[in-house]
Amino acid sequence: MTALPTFTLAIVGAGPRGVGVLERLSANADDLLGDRRVEVHLIDPFPPGPGRVWRYEQSPLLRMNSMPEDVTVFTDDTVRIDGPVRPGPSLIEWVRKVRAGTLEYPVPDDVRAEFETLASTDFPTRRLQSRYLEWFYRKVVAELPPGITVVEHLATAESIGDDETVRLSDGTTVSADAVVLTVGHLDAVPDSRERELEAFAEQHELSYYPAGYTADVDYSAVPAGEPVLVRGFGLAFVDLMLLLTEGRGGRFEELPCGGLRYRPSGAEPVLHVGSRRGVPYHAKTGYRLRGKPLQLPRFFDQRAIDGLTGPLDFRADVWPLIAKELAWAYYTELFTGHPDRVRMDFAVFADKFADLPWGTSEMDALVTAAVPALEDRLDLERLDRPFAGRRFDSGEEFGKAVRKYIESDLARRADAHHSADLGAFMALLSVIGQLPTLLATGRLTAASQVSDMDGWFHGFFSYYASGPPPRRLDELLALEDAGIVSFLGADISIAADETAGTFVASSASHPDTVAARTLIEARLPDASVPRVSDPLLRSLRDTGALAEETVPDVDGATLPSGRIATTLSDFRLLTVDGSPHQRRFAVGPHTSVRSAGAFTRPRTNAISFRQNDALAREILRLANP
């Protein structure tokens with residue numbers, strides 16, 4: 001029998017997601033590849049493994065918002081996949097093996113001190129995570145089966161021809177049999193409002209920085225000593241804050257009584273920051289669960305989702321199940337980890353809790369009877385918008401309230417007395433894992449899926465569960481105390497004042513306004529196929545080979561989501577006529593098959609691992625039909 005020619009696969013994007021797909025190709029080869037050979041071309045202008053976001057060449061000030069015990073790139077026996085599980089060390093286990101000499105890795109001098117002192121509950125630098133991802137990639141390549149080889153291309157993919165020829169920025173081409181796009185955040189050209197602000201800035205010789213990934217933006221021209229308006233209070237702001245303060249020569253000093261003092265260098269601007277909530281994301285917790293192991297999902301599981309009949313409104317029909325799931329995990333930890341703070345046996349509470357819908361007076365009465373302290377009761381509405389409906393007499397008074405709020409958050413996230421908060425966090429992770437099941441039902445209305453699930457709920461998840469290390473909020477308080485940062489308020493609004501020729505910020509929290517000649521959007525751009533700036537995605541879009549996802553509504557109409565349209569079952573790209581391309585695939589958070597990060601907490605049956613395995617098996621079946 002004549003041997004089949006080598007099957008050529010181009011993976012565009014060689015960060016942790018692209019390498020994760022490569023690892024699954026390797027793991028599944030024995031079962032599905034047969035005698036066919038596969039040549040994998042990894043295409044990325046950034047180093048394979050870390051890719052763009054986790055590249056080593058970024059500021060050493062920037063850190064992960066995860067502890068090393070909560071980071072892994074390896075499957076484990078909780079991951080429900082058809083392919084084989086190939087376990088490996090988490091980030092902290094890897095560091096310990098390197099330290100002990102049981103795993104050989106040349107530690108660079110500039111992260112050696114961190115390697116030697118890193119604890120499981122620290123928050124590593126992104127540079128150290130970069131080394132872990134680089135090692136993972138080298139390990140995957142070293143362990144490839146004989147039928148799979150890898151070719152690296154440090155270049156940008158610019159177009160794909162009808163014959164699957166991928167053209168690169170360095171002038172080379174890859175003649176592929178199939179292409180996988182491992183899509184991260186979609187960089188985008190400014191939207192209409194941002195273009196208006198850009199034009200206003202140009203007209204009045206101001207500075208405007210549209211939404212973008214903070215580590216990629218050059219902020220060196222932001223003037224020292226001048227007020228700067230910042231819209232966005234999440235992780236992008238935290239990075240910006242560090243780059244414009246400590247990154248400009250300032251110093252944080254530990255105070256004997258706790259907390260920090262900031263010593264300015266004189267090169268800092270004055271940052272006036274606001275957002276929809278008017279407060280930063282919650283700090284990550286610094287403790288572990290103390291009570292009974294959580295059994296999740298409990299109320300937002302397959303059976304509950306199957307029982308939902310459409311059309312569904314996310315807030316009205318789905319959120320009560322999710323809220324009950326969060327409350328179940330929260331109160332399980334409170335009752336079993338802190339039984340001295342409740343007035344009811346957990347078994348009795350659990351039986352009654354299970355029978356009551358979330359948000360009812362009966363549920364409220366149960367919680368009130370069982371949990372005497374207000375601070376021990378889960379109030380999701382207050383968590384979501386802590387300053388909703390509150391109006392202060394001045395920006396100064398609002399600033400005092402925000403400072404008190406941050407201090408309280410830091411104290412709560414550092415004290416295992418409040419470990420029930422970690423229970424709710426774990427439930428949120430479980431909920432994220434269930435959302436693809438909900439989407440697969442097709443029962444959500446289009447407007448609710450786009451605005452409520454992808455919009456509001458994703459924002460709530462990030463705000464509650466994906467915040468910064470606690471030290472970052474300590475630094476924020478020190479900067480506020482030093483007069484380097486001030487708090488604008490909730491529901492911030494930016495106006496272009498033609499008369500004064502400045503940007504002016506106001507908020508719903510107080511009557512004061514702040515004018516400035518510099519405005520920074522401290523956020524990632526929203527997913528938008530129409531505004532995508534990546535040359536390859538733009539080329540595919542313009543030729544009709546890539547489409548924006550449209551969510552069907554109950555009346556037969558559709559609503560665009562901004563995401564890249566793919567099939568839900570096998571990740572194939574959809575063209576503008578709705579047909580799946582047989583040899584092009586895409587995975588990532590901004591595709592129809594939503595996902596979380598490319599790496600994850602150990603033992604959580606991560607969506608990304610499941611998707612990587614299913615995609616790899618589909619490609620191998622394509623290679624060896």
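Modeller: Helix 13 (residues 420–441) and helix 14 (residues 446–465) pack with their axes 11 Å apart and at an angle of about 155 degrees. Axes here are lines fitted to C-alpha atoms, for helices over the stretch in contact, and angles run from 0 to 180 degrees between N-to-C directions. Helices (H or I, at least four residues) and strands (E, at least two) are DSSP runs, numbered from the N terminus. This is a predicted model, in which local features need pLDDT of at least 70 and side-chain atom pairs count only at pLDDT 80 or more, while totals for chains, interfaces and linings use all residues. Residues are numbered from 1 along each chain as its sequence is written, and side-chain values use heavy atoms, with hydrogens and water left out.

Helix 13 and helix 14 are therefore roughly antiparallel to each other; angles under 35 degrees count as roughly parallel, over 145 as roughly antiparallel, 65 to 115 as roughly perpendicular and the rest as oblique. Helix 13 passes helix 14 in a left-handed crossing, meaning that the near helix is turned anticlockwise from the far one by less than a right angle (clockwise would be right-handed). Residues of helix 13 in the contact include Leu428, Ile432, Leu435 and Leu439. From helix 14, the contact includes Met453, Phe457, Phe460 and Tyr464. Contact means heavy atoms within 4.5 Å. In an α-helix there are 3.6 residues a turn, so residues three or four places apart point the same way.

Next, helix 17. Of its 17 residues, 14 are buried, so helix 17 is largely enclosed by the rest of the structure. Buried means under 20% relative accessible area, exposed over 50%, and partly exposed in between (1.4 Å probe, protein chains only). The end C-alpha atoms of helix 17 are 24 Å apart, which agrees with the 24 Å its 17 residues should span at 1.5 Å a residue; the expected span is 1.5 Å times one less than the number of residues.

The loop between strand 21 (580–587) and helix 17 (607–623) holds Asn605. Asn605 is not a glycine, yet its phi is positive, about 50 degrees. Asn605 counts as buried, at 9% relative accessibility. Phe571, in the loop between strand 19 (558–564) and strand 20 (572–574), also has a positive phi, near 70 degrees. Phe571 is buried, with a relative accessible area of 4%. Most residues other than glycine have a negative phi, and most peptide bonds are trans. A cis peptide bond joins Leu296 and Pro297, with omega about -5 degrees.
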